[in-house]
Amino acid sequence: MVPHKHELLICGGYKERNCYSYHTLKNEYKFICSYPNDVNLNGHCVVKLVDNNKNKDSNEITLLSFGGYYKHTLIMKYVSVWSNDDNNDNKSYICNQWIPFTDNHNNPIMIGSDYMQGARALIGGSNNHLLFITYTFKNICVFDLNKFQFIKYHTLPTYNNICYHCFVLKPENGQETIEINEENKIKKKCEMLLFYNNTFEFYKLRVCDDIAIFGCYAYVHINNTILFFGGRSLTGKSLVISNELHKYLIQEKTWSTLEITLPNVLRYCSAILSEDNTYIHMIEENIGKDTVTTHMKIKVNELSDPLQL
(Lines give C-alpha, C1' and ligand atoms only; values in the text may rest on other atoms or scores of the structure.)
Protein backbone atom coordinates (compact mmCIF):
# COMPACT_ATOMS: atom_id res chain seq x y z
CA MET A 1 0.00 0.00 0.00
CA VAL A 2 1.05 3.57 -0.68
CA PRO A 3 -0.53 6.61 1.06
CA HIS A 4 -1.56 9.64 -0.99
CA LYS A 5 -3.48 12.38 0.82
CA HIS A 6 -6.81 10.75 1.78
CA GLU A 7 -6.13 7.70 -0.36
CA LEU A 8 -4.49 4.33 0.16
CA LEU A 9 -3.27 2.90 -3.14
CA ILE A 10 -3.45 -0.89 -3.22
CA CYS A 11 -1.31 -2.12 -6.08
CA GLY A 12 -2.09 -5.74 -6.80
CA GLY A 13 -1.18 -8.76 -4.72
CA TYR A 14 -0.77 -12.50 -4.86
CA LYS A 15 -2.51 -13.63 -8.08
CA GLU A 16 -4.26 -10.25 -8.20
CA ARG A 17 -3.39 -7.74 -10.94
CA ASN A 18 -6.04 -5.12 -10.19
CA CYS A 19 -5.13 -1.87 -8.43
CA TYR A 20 -7.54 0.16 -6.30
CA SER A 21 -7.70 3.41 -4.40
CA TYR A 22 -9.33 3.34 -0.98
CA HIS A 23 -10.64 6.75 0.16
CA THR A 24 -10.17 7.00 3.92
CA LEU A 25 -12.91 9.61 4.38
CA LYS A 26 -15.51 8.14 2.04
CA ASN A 27 -14.69 4.57 3.10
CA GLU A 28 -15.00 3.51 -0.54
CA TYR A 29 -12.83 1.82 -3.17
CA LYS A 30 -12.27 2.84 -6.78
CA PHE A 31 -10.62 0.83 -9.52
CA ILE A 32 -7.41 2.39 -10.92
CA CYS A 33 -6.01 -0.08 -13.44
CA SER A 34 -4.62 -3.59 -13.85
CA TYR A 35 -1.07 -4.82 -14.21
CA PRO A 36 -0.24 -6.09 -17.73
CA ASN A 37 -1.35 -9.66 -18.42
CA ASP A 38 2.24 -10.90 -18.68
CA VAL A 39 3.07 -9.74 -15.13
CA ASN A 40 2.66 -12.27 -12.32
CA LEU A 41 2.66 -10.83 -8.81
CA ASN A 42 3.97 -12.65 -5.76
CA GLY A 43 5.68 -10.64 -3.02
CA HIS A 44 6.43 -7.57 -5.16
CA CYS A 45 7.31 -4.09 -3.88
CA VAL A 46 5.77 -0.68 -4.67
CA VAL A 47 7.30 2.65 -3.61
CA LYS A 48 6.39 6.28 -4.15
CA LEU A 49 9.16 8.22 -5.86
CA VAL A 50 9.98 11.71 -4.62
CA ASP A 51 9.96 14.69 -6.96
CA ASN A 52 11.67 17.50 -5.06
CA ASN A 53 10.42 20.08 -7.55
CA LYS A 54 6.75 19.11 -7.43
CA ASN A 55 4.13 20.82 -5.29
CA LYS A 56 3.35 18.53 -2.37
CA ASP A 57 -0.36 19.34 -2.79
CA SER A 58 -0.38 17.98 -6.34
CA ASN A 59 -2.87 15.24 -7.18
CA GLU A 60 -0.14 13.46 -9.16
CA ILE A 61 2.52 11.07 -7.85
CA THR A 62 4.88 8.53 -9.41
CA LEU A 63 4.86 4.87 -8.35
CA LEU A 64 7.57 2.29 -9.00
CA SER A 65 6.70 -1.42 -8.91
CA PHE A 66 9.38 -4.11 -9.00
CA GLY A 67 10.61 -7.41 -7.63
CA GLY A 68 8.63 -10.41 -6.46
CA TYR A 69 9.05 -14.09 -7.23
CA TYR A 70 8.56 -13.22 -10.90
CA LYS A 71 10.54 -10.04 -11.46
CA HIS A 72 9.18 -6.98 -13.23
CA THR A 73 9.89 -3.25 -13.20
CA LEU A 74 7.06 -0.85 -14.06
CA ILE A 75 6.22 2.78 -13.38
CA MET A 76 2.94 4.65 -13.08
CA LYS A 77 2.07 8.34 -13.13
CA TYR A 78 -0.92 8.30 -10.82
CA VAL A 79 -3.55 11.05 -10.89
CA SER A 80 -6.25 10.71 -8.24
CA VAL A 81 -9.26 8.76 -9.48
CA TRP A 82 -11.31 10.77 -7.01
CA SER A 83 -10.44 14.10 -8.61
CA ASN A 84 -13.04 16.02 -10.60
CA ASP A 85 -10.39 18.01 -12.43
CA ASP A 86 -11.36 17.83 -16.14
CA ASN A 87 -7.80 18.71 -17.07
CA ASN A 88 -6.75 15.22 -16.05
CA ASP A 89 -8.11 13.99 -19.37
CA ASN A 90 -5.80 16.32 -21.26
CA LYS A 91 -2.50 15.09 -19.87
CA SER A 92 0.25 14.83 -22.46
CA TYR A 93 1.54 11.60 -20.88
CA ILE A 94 0.05 8.26 -19.91
CA CYS A 95 -1.37 8.23 -16.39
CA ASN A 96 -2.99 5.57 -14.20
CA GLN A 97 -1.40 2.76 -16.21
CA TRP A 98 1.62 0.59 -15.51
CA ILE A 99 4.24 1.06 -18.22
CA PRO A 100 7.88 -0.12 -18.53
CA PHE A 101 10.47 1.73 -16.48
CA THR A 102 12.94 3.30 -18.93
CA ASP A 103 16.05 5.46 -18.83
CA ASN A 104 16.53 8.83 -20.52
CA HIS A 105 17.03 7.11 -23.87
CA ASN A 106 13.84 5.05 -23.55
CA ASN A 107 15.73 1.83 -22.84
CA PRO A 108 13.85 -0.52 -20.50
CA ILE A 109 15.40 -0.89 -17.05
CA MET A 110 14.97 -4.00 -14.88
CA ILE A 111 15.54 -3.61 -11.15
CA GLY A 112 16.49 -6.61 -9.12
CA SER A 113 17.51 -10.24 -9.35
CA ASP A 114 15.47 -13.21 -10.45
CA TYR A 115 14.21 -13.81 -6.92
CA MET A 116 13.04 -10.84 -4.84
CA GLN A 117 9.92 -12.26 -3.22
CA GLY A 118 9.09 -10.34 -0.05
CA ALA A 119 11.62 -7.59 -0.76
CA ARG A 120 11.42 -4.28 1.09
CA ALA A 121 12.57 -0.90 -0.23
CA LEU A 122 13.09 2.69 0.91
CA ILE A 123 13.78 5.96 -0.86
CA GLY A 124 16.70 8.00 0.50
CA GLY A 125 19.86 9.85 -0.39
CA SER A 126 20.71 13.56 -0.43
CA ASN A 127 18.23 14.21 -3.24
CA ASN A 128 15.84 11.30 -2.65
CA HIS A 129 17.42 9.57 -5.62
CA LEU A 130 18.56 6.31 -4.03
CA LEU A 131 16.47 3.15 -3.80
CA PHE A 132 17.58 0.92 -0.91
CA ILE A 133 16.42 -2.70 -1.33
CA THR A 134 16.70 -5.57 1.16
CA TYR A 135 15.80 -9.04 -0.08
CA THR A 136 16.41 -12.79 0.11
CA PHE A 137 18.64 -14.23 1.21
CA LYS A 138 20.69 -11.70 3.19
CA ASN A 139 21.11 -8.99 0.58
CA ILE A 140 21.01 -5.23 0.51
CA CYS A 141 21.64 -3.10 -2.57
CA VAL A 142 21.32 0.51 -3.66
CA PHE A 143 19.94 1.59 -7.02
CA ASP A 144 20.59 5.14 -8.27
CA LEU A 145 17.36 6.41 -9.82
CA ASN A 146 19.18 9.24 -11.59
CA LYS A 147 21.88 7.07 -13.14
CA PHE A 148 19.57 4.04 -13.64
CA GLN A 149 22.12 1.62 -12.22
CA PHE A 150 23.08 -0.25 -9.06
CA ILE A 151 25.87 1.42 -7.16
CA LYS A 152 26.30 -0.91 -4.18
CA TYR A 153 25.71 -4.49 -3.08
CA HIS A 154 26.30 -5.94 0.36
CA THR A 155 25.49 -9.00 2.46
CA LEU A 156 23.58 -8.33 5.66
CA PRO A 157 25.05 -9.75 8.89
CA THR A 158 21.83 -11.58 9.78
CA TYR A 159 21.54 -15.09 11.19
CA ASN A 160 18.41 -16.02 9.23
CA ASN A 161 17.41 -15.28 5.66
CA ILE A 162 15.17 -12.24 5.26
CA CYS A 163 11.81 -12.19 3.50
CA TYR A 164 8.62 -10.16 4.16
CA HIS A 165 10.60 -8.36 6.87
CA CYS A 166 10.59 -4.94 8.54
CA PHE A 167 12.74 -2.25 6.89
CA VAL A 168 12.35 1.40 7.95
CA LEU A 169 14.34 4.60 7.72
CA LYS A 170 14.54 6.57 10.94
CA PRO A 171 16.36 9.93 11.35
CA GLU A 172 18.49 10.19 14.46
CA ASN A 173 16.75 11.56 17.55
CA GLY A 174 13.58 12.14 15.53
CA GLN A 175 15.37 14.66 13.34
CA GLU A 176 17.21 14.30 10.08
CA THR A 177 20.98 14.74 10.45
CA ILE A 178 22.70 16.41 7.52
CA GLU A 179 26.44 16.69 7.00
CA ILE A 180 28.34 18.50 4.25
CA ASN A 181 31.67 17.00 3.26
CA GLU A 182 34.70 18.68 1.71
CA GLU A 183 33.18 18.38 -1.76
CA ASN A 184 30.05 20.22 -0.58
CA LYS A 185 27.97 17.10 -1.11
CA ILE A 186 25.14 16.62 1.36
CA LYS A 187 25.08 13.34 3.25
CA LYS A 188 22.20 12.10 5.39
CA LYS A 189 22.78 9.85 8.39
CA CYS A 190 19.84 7.75 9.53
CA GLU A 191 19.15 5.73 12.65
CA MET A 192 18.40 2.36 11.10
CA LEU A 193 20.56 2.46 8.03
CA LEU A 194 23.80 4.34 7.33
CA PHE A 195 24.94 4.83 3.76
CA TYR A 196 28.02 7.02 3.75
CA ASN A 197 30.90 7.30 1.30
CA ASN A 198 29.65 4.21 -0.53
CA THR A 199 29.97 1.91 2.49
CA PHE A 200 27.52 0.27 4.88
CA GLU A 201 27.73 0.05 8.63
CA PHE A 202 25.47 -2.17 10.75
CA TYR A 203 24.67 -2.71 14.39
CA LYS A 204 22.57 -5.40 16.04
CA LEU A 205 19.22 -4.78 17.72
CA ARG A 206 17.65 -7.06 20.27
CA VAL A 207 14.49 -8.80 19.04
CA CYS A 208 11.56 -9.45 21.36
CA ASP A 209 11.27 -13.18 22.16
CA ASP A 210 7.50 -13.15 21.49
CA ILE A 211 7.97 -11.99 17.88
CA ALA A 212 11.29 -13.66 17.11
CA ILE A 213 9.68 -16.77 15.61
CA PHE A 214 7.32 -14.81 13.36
CA GLY A 215 7.63 -13.52 9.82
CA CYS A 216 5.18 -12.29 7.18
CA TYR A 217 3.82 -9.71 9.66
CA ALA A 218 2.62 -6.18 8.99
CA TYR A 219 4.45 -3.20 10.42
CA VAL A 220 4.03 0.55 10.53
CA HIS A 221 6.50 3.28 11.51
CA ILE A 222 5.20 6.20 13.63
CA ASN A 223 7.96 8.61 14.61
CA ASN A 224 9.92 6.88 17.38
CA THR A 225 7.74 3.75 17.31
CA ILE A 226 7.48 0.67 15.10
CA LEU A 227 4.33 -1.41 15.54
CA PHE A 228 4.19 -5.06 14.45
CA PHE A 229 0.89 -6.78 13.66
CA GLY A 230 0.31 -10.54 13.53
CA GLY A 231 2.63 -12.81 11.55
CA ARG A 232 3.15 -16.53 11.02
CA SER A 233 5.77 -18.83 12.51
CA LEU A 234 8.64 -19.78 10.23
CA THR A 235 9.99 -22.60 12.40
CA GLY A 236 8.58 -25.78 13.80
CA LYS A 237 6.21 -28.35 12.34
CA SER A 238 2.96 -26.65 13.38
CA LEU A 239 1.76 -23.40 11.81
CA VAL A 240 1.17 -20.58 14.29
CA ILE A 241 -0.58 -17.39 13.17
CA SER A 242 -0.65 -14.41 15.53
CA ASN A 243 -3.17 -11.69 16.36
CA GLU A 244 -0.82 -9.85 18.73
CA LEU A 245 0.60 -6.33 18.51
CA HIS A 246 4.20 -5.62 19.46
CA LYS A 247 5.88 -2.25 19.87
CA TYR A 248 9.52 -1.27 19.44
CA LEU A 249 10.80 2.15 20.60
CA ILE A 250 13.70 3.09 18.36
CA GLN A 251 15.53 5.57 20.56
CA GLU A 252 15.07 3.55 23.75
CA LYS A 253 15.68 0.21 21.95
CA THR A 254 12.94 -1.44 24.00
CA TRP A 255 10.20 -3.94 23.12
CA SER A 256 6.74 -4.47 24.58
CA THR A 257 3.59 -6.44 23.76
CA LEU A 258 0.38 -4.38 23.69
CA GLU A 259 -2.56 -5.53 25.78
CA ILE A 260 -5.01 -5.23 22.91
CA THR A 261 -5.15 -7.86 20.16
CA LEU A 262 -6.37 -7.89 16.57
CA PRO A 263 -9.91 -9.20 15.92
CA ASN A 264 -8.43 -11.70 13.44
CA VAL A 265 -5.09 -13.42 13.01
CA LEU A 266 -2.95 -11.91 10.25
CA ARG A 267 -0.12 -13.02 7.98
CA TYR A 268 1.11 -11.99 4.55
CA CYS A 269 -0.29 -8.58 5.32
CA SER A 270 0.61 -4.92 4.91
CA ALA A 271 -0.01 -1.99 7.24
CA ILE A 272 0.12 1.72 6.60
CA LEU A 273 -0.52 4.92 8.53
CA SER A 274 -2.94 7.39 6.99
CA GLU A 275 -1.31 10.70 6.10
CA ASP A 276 -3.29 12.49 8.82
CA ASN A 277 -1.91 10.00 11.42
CA THR A 278 -5.46 9.04 12.42
CA TYR A 279 -5.80 5.39 11.40
CA ILE A 280 -3.59 2.39 10.79
CA HIS A 281 -4.92 0.30 7.90
CA MET A 282 -4.04 -3.40 7.50
CA ILE A 283 -4.73 -5.50 4.43
CA GLU A 284 -4.12 -9.24 4.29
CA GLU A 285 -3.55 -10.78 0.87
CA ASN A 286 -5.84 -13.41 -0.57
CA ILE A 287 -3.50 -16.40 -0.23
CA GLY A 288 -5.82 -19.26 -1.11
CA LYS A 289 -8.88 -20.10 -3.13
CA ASP A 290 -11.05 -20.26 0.01
CA THR A 291 -9.87 -16.97 1.51
CA VAL A 292 -10.79 -13.36 0.87
CA THR A 293 -8.81 -10.16 1.21
CA THR A 294 -9.22 -8.65 4.67
CA HIS A 295 -9.10 -4.89 5.37
CA MET A 296 -8.95 -3.79 9.00
CA LYS A 297 -8.26 -0.40 10.55
CA ILE A 298 -7.33 0.76 14.03
CA LYS A 299 -7.68 4.29 15.35
CA VAL A 300 -4.28 5.38 16.60
CA ASN A 301 -5.54 7.17 19.71
CA GLU A 302 -7.47 4.06 20.77
CA LEU A 303 -4.29 2.06 21.26
CA SER A 304 -3.75 1.53 24.97
CA ASP A 305 -0.05 2.38 24.94
CA PRO A 306 1.40 5.81 24.10
CA LEU A 307 3.09 5.79 20.68
CA GLN A 308 5.18 8.93 21.12
CA LEU A 309 3.57 10.64 18.12
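Here is a short walk through the aromatic residues of this structure. The model is predicted, so local features need pLDDT of at least 70 and side-chain atom pairs count only at pLDDT 80 or more, while totals for chains, interfaces and linings use all residues. Residues are numbered from 1 along each chain as its sequence is written, and side-chain values use heavy atoms, with hydrogens and water left out.

Let's start with ring pairs. A pair of aromatic rings is described by the distance of the centres and the angle of the planes. Rings of Phe, Tyr and Trp (its six-membered ring) pair if their centres lie within 6.5 Å; planes under 30 degrees apart count as stacked, over 60 as edge-to-face and the rest as tilted. The structure holds 10 aromatic pairs. One of them joins Phe 101 and Phe 148, with centres 5.8 Å apart and planes at 50 degrees, so this pair is tilted. The pair links distant parts of the chain, 47 residues apart: Phe 101 is in the loop between strand 8 (99-100) and strand 9 (120-124), and Phe 148 is in the loop between strand 11 (139-144) and strand 12 (149-155). Strands here are DSSP runs (E, at least two residues), numbered from the N terminus.

Phe 101 counts as buried because its relative accessibility is 6%, and Phe 148 is buried at 19%.

Next come Tyr 217 and Phe 228, an edge-to-face aromatic pair with 5.3 Å from centre to centre and 80 degrees between the planes. Tyr 217 lies in the loop between strand 17 (214-215) and strand 18 (218-222) and Phe 228 in strand 19 (residues 225-229), so the pair ties together parts 11 residues apart in sequence. Both Tyr 217 and Phe 228 are buried. Ring pairs also bring in Tyr 248 and Trp 255, making a cluster with Tyr 217 and Phe 228.

Phe 200, in strand 16 (residues 199-201), is another buried residue, with 10% relative accessibility. Its C-alpha atom is separated by 9.5 Å from that of Tyr 153, 47 residues apart along the chain.

Finally, turn to Tyr 70, which lies in the loop between strand 6 (60-66) and strand 7 (73-79). Tyr 70 is partly exposed, because its relative accessible area is 42%.

Technical notes. Helices (H or I, at least four residues) and strands (E, at least two) are DSSP runs, numbered from the N terminus. Buried means under 20% relative accessible area, exposed over 50%, partly exposed in between (1.4 Å probe, protein chains only).
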